[in-house]
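Subject: Handover of a structure, with findings

Dear colleague,

Please find the structure below, together with its sequence.

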Amino acid sequence: GGLVGSGVLDSGSSYPSKWDARLGDLPARVEQWRGLKFDHPVPVRFLSEADFKKEVGVDPKPSKSRRREMNRLTEGLRSSGLITGKVDLFKAINDEQQSSVLAFYSPDDEEIVVRGAGTPDVSRRVTLAHELTHALQDQHFDLTAMEEKVDADPQSSSTALRAFVEGDADRIESRYVRDLSVVDRRAYRKARNREASAAEDGTKTVPAVVTLEFSAPYRYGPPVLQVLANDGGNANVDRAFRRGVFTQKMFIEPSAPLTESKPRRVNDPKLRKGEKAIGESDGFGAFDLYVVLGSRISPGEAIGAASAWAGGRSQGFRFDGRTCTRIVTEARTAAGNDDLEANFELWAAALPAGMATVERRGRAVMVTSCDPGARSTLNSPDAAIETAGALLDLHSEIEAEFTKEAADAGAPASVARCLALAIAQAPEIGVIIAQPEADVDPEVARAAFETAAERVQGTCFD
């Protein structure tokens, strides 16, 4: 599923008087599990495979300005070492969206669009439970207004808001799956395996950073909602919708929304003589920091730096005919800033000579890197980014589970965070994460986890 604006219907369109009969009792069940009532039904469009791909694909004939913007984005990603060589981002994004999206709810049009015409099979019914949750969220919390508020706040992250919204829909989807019969659950798993295989085939040439950015809300939003729901059910989730702090820290620490305050204000990176800004400055969040560092250094070190993140900003610019990126970021403590500087030095050393510089600006660390060009010696970061994503998957699951156990035992969430981070950074886990998933022996992985957990436990409780 996805939260995508399609722009097909006029936003002033009337609502249907009743739900599409093909949905059956799904709307009522979603209401029950989410603890909210629909104000009105929303239209649902079931499209053929070809029509759906047209709906979610990018413009096949972009304007010159749009093409120039995408070229700058390509150069910006290459300047940060996140892609290499000549990459067609239009094709990469199109492949990712057409292969990965099964349905979406459009807040602009207040409608659900589903891949696959006719009566929905079990896989589509599960997807519809997810999208109906988005419609329910929109009617109670106004998703468009929430996004506008986040976009207007330089300390908030629209990606984090997306993860929160998706995580909430995912937990209702998972609730529906648990209610399936044994036969339906088996059919659902087979269908999802086929869909996952097809999506993988359709995105083989997509850079790993694009896949990770697209999948991040669906991978790292659910553990956040698991923590919030365990702490107070739907009522706690509703409070977060109304008053939550949405920053990328929740990607790194699922328990962050329980205690998180606004990140530290960091000044925009200053440009020097001869440097011309590309667009406006942007936030540089904890997840951004993790992905950039994790593309070139140990993911264990990268996740430690991201956990200590306190704030950051970035600015793209042109200098001497090249696209460059300047980042200014800070950790919570002076020692954390020292570690951050050291990690960025390691990161810069892994890039071609002269591509990046690292400087200290008071308590902040400033990093400047420029596009080395499509023919440079910059090596591909895809394998490292995939490994970093896998470690963050594991870390998020561990922290979400430990947060519940800590709460049951009357311990603070900080203990769960400490344990999850220490385990994720353990050498035993690093060995497991570095292997292809198909090669990992479950028993070996379990033993590595238990060894790491036993070794670090004293550190977090002392």
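At what angle do helix α1 (residues 26-34) and helix α7 (residues 158-179) pack, and how far apart are their axes? The angle is about 115°, and the axes lie 10 Å apart. Since angles of 65 to 115 degrees count as roughly perpendicular, α1 and α7 are therefore described as roughly perpendicular to each other. Their crossing is right-handed. On the α1 side the contact is made by Leu26, Arg29, Val30, Trp33 and Arg34; on the α7 side it is made by Asp168, Arg171, Ile172, Arg175, Tyr176 and Asp179. Please bear in mind, here and throughout, that this is a predicted model.

Helix α12 (residues 286-294) and helix α13 (residues 299-307) form another pair to inspect: their axes come within 8 Å and cross at roughly 155°. Because angles over 145 degrees count as roughly antiparallel, α12 and α13 are assigned to that class. The crossing of α12 and α13 is also right-handed. From α12, the residues Ala286, Leu289, Tyr290, Leu293 and Gly294 meet Pro299, Ala302, Ile303, Ala305 and Ala306 of α13.

Leaving aside residues up to four places away in sequence, asparagine 343 touches Leu293, Ile297, Glu301 and Ala305.

Serine 123 is located in helix α5 and has a relative accessibility of 0%, so it counts as buried. The side chain of serine 123 makes a polar contact with the side chain of glutamate 195, at 2.9 Å. When residues up to four places away in sequence are not counted, serine 123 touches Tyr188, Ala191, Arg192 and Glu195.

Helix α16

Helix α16 (residues 413-424) has 12 residues and spans 17 Å from its first C-alpha to its last, which is close to the 16 Å expected at 1.5 Å a residue. How many of the 12 residues of α16 are buried? Nine are, so the helix is largely enclosed by the rest of the structure. The buried residues are Ala413, Val415, Ala416, Arg417, Leu419, Ala420, Ala422, Ile423 and Ala424.

Two backbone points to check

Most residues other than glycine have a negative phi. Aspartate 142, although not a glycine, has a positive phi of about 60°. Aspartate 142 sits in the loop between α5 (122-141) and α6 (143-151), and its relative accessibility of 37% makes it partly exposed. Aspartate 320 has a phi near 55°, again a positive value in a residue other than glycine. Its place is in the loop between β6 (309-319) and β7 (322-331). Is aspartate 320 buried or exposed? At 68% relative accessibility, aspartate 320 counts as exposed, because the threshold for that class is over 50%.

Yours sincerely

Note on methods. Residues are numbered from 1 along each chain as its sequence is written. This is a predicted model: local features need pLDDT of at least 70, side-chain atom pairs count only at pLDDT 80 or more; totals for chains, interfaces and linings use all residues. Side-chain values use heavy atoms; hydrogens and water are left out. Helices (H or I, at least four residues) and strands (E, at least two) are DSSP runs, numbered from the N terminus. Buried means under 20% relative accessible area, exposed over 50%, partly exposed in between (1.4 Å probe, protein chains only). The expected span of a helix is 1.5 Å times one less than its number of residues. A polar contact is a pair of N or O atoms within 3.5 Å; within protein, one must be able to donate a hydrogen and the other to accept it, and residues adjacent in sequence count only if both atoms are side-chain atoms. Contact means heavy atoms within 4.5 Å. Axes are lines fitted to C-alpha atoms, for helices over the stretch in contact, and angles run from 0 to 180 degrees between N-to-C directions. Angles under 35 degrees count as roughly parallel, over 145 as roughly antiparallel, 65 to 115 as roughly perpendicular and the rest as oblique. A crossing is left-handed if the near helix is turned anticlockwise from the far one by less than a right angle, and right-handed if clockwise.
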